[in-house]
Amino acid sequence: MKDINQIPILEIENLSISFHMYNKGMKKHKLEMIHKLSLTISSGEIVVVVGSSGSGKSLLAHSILGILPQNAEIEGTIKFCGKEMGTLEKENLRGKEISFIPQSVEYLDPLMKIGKQVIGVTKKSEKRKQQEKRKQLFRRYQLEESVAKLYPYQLSGGMARRVLISGAMMRPAKLIIADEPTPGLQKELAMETLKNFRELADSGCAVLLITHDIDLALQVADQIAIFYAGTILEITSVEDFMGEGKSLRHPYSKAFLAALPQKEFQSIEGSQPYAGNLPKGCLFAKRCPNRTEACEGEIEMRSLRGGKVRCIYAE
Amino acid sequence: MNQPTNIFWNQKETEDQPIDIFWNRRRKTFLSIGIALLYLITMLLVGLLLRPESYGVNYNAKFIPPCLKHPFGTDYMGRDMFFRSVKVLSNSIVIGILASIVSSLVALIFGVVAAMKGGPIDGLVNWCVDLCMGIPHIILLILISFMFGRGGKGVMIAVALTHWPELTRLVRAEVLQIRSSQYVQASYRMGKTKFQVAKSHMFPQVLPVFLVGVVLLFPHAIMHEAAITFLGFGFSAEVPAIGVILSESMKHIASGKWWMAVFPGIMLLLAVLLFDLVGENLKRLLNPNSGNE
Amino acid sequence: MKRFFLTVLRMITLLIAISIISFIMITKAPIDPLIAYIGTNSTISEEAKEEIETYWGLKDPPVKRFLIWARNIFQGDMGNSIVYKQPVLTVIKERFQYSLVLMLIAWICSGILGFILGIVAALWKDHLWDKIIKFICLIFQSSPTFWVGLLMLSIFAVNLGWFPIGLAAPMGKLASEVTLLERIHHLVLPSITLSMLGIGKITLYTRQKLLEILDSEFVLYARARGENTWQIVKRHAIKNIAIPAITVQFASFSELFGGMALAESVFSYPGIGSAVTAAGLGGDLPLLLGIAIFSAIFVFTGNLMADILYGFVDTKIVYSSDGR
């Protein structure tokens, strides 16, 4: 799977996202949801971002696509194929070079037939061609042709999933972003969905998979990024994640692994700090057994044993 | 270790950096409420304290167009339209307040009872609401006023008694929603009495909805009183009422006495507009969901 | 289907209740229909008065009077109008044609214009256009219909002389001689007045609904797939707002009827609205009762249409079914 000729498709550096909010009185204030996040995805590679729900993972996806709400403010850089993306570039790239696979049928127009939605907007002259492509995709993902005439509310969970993937496949994209593509699916179906991603990656796509279903993700991923309280604490290869997790770098990653139901199911004390209430320095410090005063300083991401980690004590 | 934090209740600022501290929307909201109240209270007080002579009959000064001495002109009996309008508006405000009090009390009782008792009582209240809303409001007002023999008493009763249905629905829906919410269910299970739950959960939640409803009900009441009097079912010609002024002005409009209609109407419009604004702003202020735009 | 029948059943019970209550209210009024009929200073003998009272059934107990009246209604007889000296049904039929044209024009104009303005306001939210539109809506919503009518008359009929001062046709002309153009000429001002009443509500509703939709997940997805704002509005938003907006328009029949009554009385337009005023002021019990019930039927028709449309949308729209 690892290829020396991998080209970085998406490079995120020190990305911070904050929202302007009003609190109960009269003051407007900034609420930081993503904090100095860095991540690189190369062609042919699946990077899985895992972390507990509510930690702002979807925002990461939305910021790459440039579809954050208006009161959001972005700092840091996002590069696509080596070029920095501004609002305009994102607008031009999304739906063409970058495909997005949303979570559920909620993301489909309730009053539009499936077939039309899968195709999306096309030029009149290309309608026929796109229709052919859609049919082909439906066959590939085992959707009956009659599904094209249904409305979203008539779809089952599995059908909806395959419909959404077909939608993403309509145009050849270099980067595919999937936000929680498996919840609510039966195990076999979820596995099948993930295999589809593997195929896509093997054909040269870069895939960013956001999920909390780590067990499944491990089977197809190349790299795992551990997301916690709005940032990525560790980026590691899948191999390091196997077994007892001895080769993991960050104390949170180890704790995360131990907390999984199929492992020891040992939960970490305390809870994740939330946006607006983030501590200075290491975000995990409050719950970390190894913390010292030095953890309160600014912690930078550093390379370690082929992965990356945001911890001063990791070895 | 630390206390568990909660995403909803513990959102403190990362940095104390208020943006546009003075001119953000909340300030504007308070300002608009202030202006509206100022206008209404001034009109009410001035109207109530006005000497009748200031809008008395003066046949030497009939049909004077707006000028410095009579900014709103005079009517066919030489009465000063400015003072008459103020007087009339203060009467309208009194009627509006009366209607608001009566209708909102009815709505509060009906809404709470329907939501708390449920079953057939809820059904009955809903049926009554549908009944009252099933007939165009103006027609209902005409019928009630007709029943009381067309006059001041009839129109006051009609306006006071017909503005409860919408507010009843609002209150009922709000109480129902809170009643079935998890934290209220939880407090019951924790052994809190009905009174305690009502005091600590129901009251603070329903009150804002109710208040906004009352404020928004007020302009409706004023408009309906004016309309019904205009049609001839309300106050008689001797009573200073906005409907009377406007229906008189209609007789003279063909001969070009436009000021008799324009200025009193603007005064009424302003009162209604300001109350609407206060209501809408209050709604936005009290509804935290829309606070982040 | 079951829900539909239940709704209809409920409406029928409500209609019966409205009839009973209206009947009670009207008969309780201290207005003597006999005096309304013969005039206050008539010279008719007491005996003749007695005779008429007995003939009209004024001396019967109220329940009996109601039952007789209800029986007659089922036979298509709503009694005779005192003011117009014609059967109530004939008066309503004739005048409703006039009112229907007026209401239909206002209903359609305010609906279409409001829909467009609402979309514009939502797309340019918080920008100048949005502020102007919102302000206009507020003004329209807060203006008493009859006052707007008076202003229209004063400006366009009296000062500019573009339109006639009232009525539905030139005075003194036979109904058969009136041309379509003359009718339209007389309809313009009342229609505009009545449209202004409804436009604010539908504009603000459309704006709100579009903002909700622009915030929805399926629009987020559409944006993620590279659709621009115009494509989103054209492909997704219009279809998703149109039916709820039409529903709101149907549900506003009550206000439409009330506004129509006021507009007609300002413009002396010979529709059902000026008839109800005339009936109320003239002590015309049968006509007042007839129009009251007719207006209720009108409102129920609107509500029923709204209900049907709403049911249609509700099955397909998943996103709005939670919480509401």
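Predicted model: local features only at pLDDT ≥ 70, side-chain atom pairs only at ≥ 80, totals over all residues.
Student: Good to know. What is chain B built from, helices or strands?
Tutor: Chain B has ten helices and zero strands. If you walk along from the N terminus, the elements read α-α-α-α-α-α-α-α-α-α.

Student: And what percentage of the residues in chain B is buried?
Tutor: Of the 293 residues in chain B, 50% are buried. There is also a figure for contacts: taking those between residues at least 6 apart in sequence, 69% join residues at least 24 apart.

Student: Can we zoom in on one residue? Where does Ser100(B) lie?
Tutor: Look at helix H2 of chain B, which covers residues 81-117, and you will find Ser100(B) there. With a relative accessibility of 6%, Ser100(B) counts as buried.

Student: Which residues does Ser100(B) touch, leaving out those up to four places away in sequence?
Tutor: Ser100(B) touches Val214(B), Leu217(B) and Phe218(B).

Student: Let's switch to charges. How many salt bridges are there over all chains?
Tutor: A search of the whole structure finds 18. As background, side chains of opposite charge can pair when their charged atoms come close.

Student: Which residue forms a salt bridge with Asp122(B)?
Tutor: The partner of Asp122(B) is Arg172(B), and their closest N and O atoms are 2.6 Å apart. This pair links distant parts of the chain, since Asp122(B) sits in helix H3 (residues 119-133) of chain B and Arg172(B) in helix H6 (residues 165-180) of chain B, 50 residues apart.

Student: Are those two buried or exposed?
Tutor: Both Asp122(B) and Arg172(B) are buried.

Student: Now chain A. How many helices and strands does chain A have?
Tutor: Chain A has nine helices and twelve strands. The radius of gyration of chain A is 20 Å, close to the 20 Å from the globule rule for 315 residues, so chain A is as compact as a globular protein of that length.

Student: What box do the C-alpha atoms of chain A fill?
Tutor: Taken along the principal axes, the box is roughly 65 × 50 × 40 Å.

Student: What about burial and surface in chain A?
Tutor: Buried residues account for 56% of the 315 in chain A. The accessible surface of chain A is about 14,300 Å², and 50% of that belongs to carbon and sulfur atoms.

Student: And contacts in chain A: what percentage joins residues at least 24 apart?
Tutor: Among contacts between residues at least 6 apart in sequence, the figure for chain A is 65%.

Student: How far apart are the mean positions of the positive and negative charges in chain A?
Tutor: They are 6 Å apart, with 44 positive and 37 negative charges in chain A.

Student: Which residue does Glu234(A) meet in a salt bridge?
Tutor: The side chain of Glu234(A) meets that of Arg249(A), at 3.0 Å from N to O. Glu234(A) lies in strand S10 (residues 231-237) of chain A, while Arg249(A) is in the loop between helix H8 (238-241) and helix H9 (251-258), so the pair ties together parts that are 15 residues apart in sequence.

Student: Buried or exposed, for Glu234(A) and Arg249(A)?
Tutor: Glu234(A) is buried, with a relative accessible area of 0%. Arg249(A) is buried too, at 3%.

Student: Which residues in chain A are linked in a network of salt bridges?
Tutor: Arg198(A), Asp202(A) and Asp222(A) are linked in a network.

Student: Last stop, chain C. Which residue pairs with Lys134(C)?
Tutor: Lys134(C) meets Asp130(C) in a salt bridge, 4.0 Å from N to O. The two are four residues apart in helix H6 (residues 128-142) of chain C, which means about one helical turn separates them. Lys134(C) is partly exposed, with a relative accessible area of 26%, whereas Asp130(C) is buried at 0%.

Student: And Gly258(C), where is that found, and what does Gly258(C) touch?
Tutor: Gly258(C) is in helix H11 (residues 253-266) of chain C, and it is buried, with a relative accessible area of 5%. Not counting residues up to four places away in sequence, Gly258(C) touches Pro136(B) and Ile138(B).

Technical notes: Residues numbered from 1 in each chain as written. Chains lettered and ligands numbered in written order. Heavy atoms only, no water. Rg over C-alpha atoms; globule rule 2.2 N^0.38 Å. Buried < 20%, exposed > 50% of the residue type's maximum accessible area, 1.4 Å probe, protein only. Contact = heavy atoms within 4.5 Å. Areas by Shrake-Rupley, 256 points an atom, 1.4 Å probe, with all protein chains shown as cover. Lys, Arg positive; Asp, Glu negative; His and termini not counted. Charge placed at Lys NZ, Arg CZ, Asp CG, Glu CD.
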